[in-house]
Amino acid sequence: MTPRRLSEKQMIRELEAGREHLLSAPAARRLLWLLRHRLQSITRNVYIVRYVPDQTEELYDILVDGVTVVHIELPRDVSSTEIVFEKSGINEYLEACRHITKPNRRKLELALELAQR
């Protein structure tokens, strides 16, 4: 098996583990509630394509239902109401994120493939 195939398999495992964590882990309840509240309706077809933990907030880019990417900046302080929530289509997201790294772009492509299943 080539190194690229191994890294793709690892990315797929990460995407699926992130999806399960988001949908079932108590630590992810706030994030899942926010997605459901702002989007009104989502399926179990959600994949975290980018996660950046920061000292004061956590940054997420989440593929929802294979058609929408949501960028969320979630403060670590749960009492804070300063939440950034930006919704965009796939092409719009890629256009806005020209700086996206090759691995993150590939992760998005794999998430799109998983979403089509």
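## Contacts along the chain

Among contacts (heavy atoms within 4.5 Å) in the protein chain between residues at least 6 apart in sequence, 44% join residues at least 24 apart. This is a predicted model, in which local features need pLDDT of at least 70 and side-chain atom pairs count only at pLDDT 80 or more, while totals for chains, interfaces and linings use all residues. Residues are numbered from 1 along each chain as its sequence is written, and side-chain values use heavy atoms, with hydrogens and water left out.

## Order of elements

The protein chain has four helices and four strands, which follow one another from the N terminus as α-α-β-β-β-β-α-α; here helices (H or I, at least four residues) and strands (E, at least two) are DSSP runs, numbered from the N terminus.

Glu8 lies in helix α1 (residues 3-24) and is buried, with a relative accessible area of 8%, where buried means under 20%, exposed over 50% and partly exposed in between, using a 1.4 Å probe and protein chains only. Leaving aside its neighbours within four places in sequence, Glu8 is in contact with Arg106 and Leu110.

Both Arg106 and Leu110 are among the buried residues of α4, as are Lys107, Leu108, Ala111, Leu114 and Ala115.

## Burial and extent

Buried residues make up 41% of the 117 residues in the protein chain, and the C-alpha trace spans about 50 × 30 × 30 Å along its principal axes.
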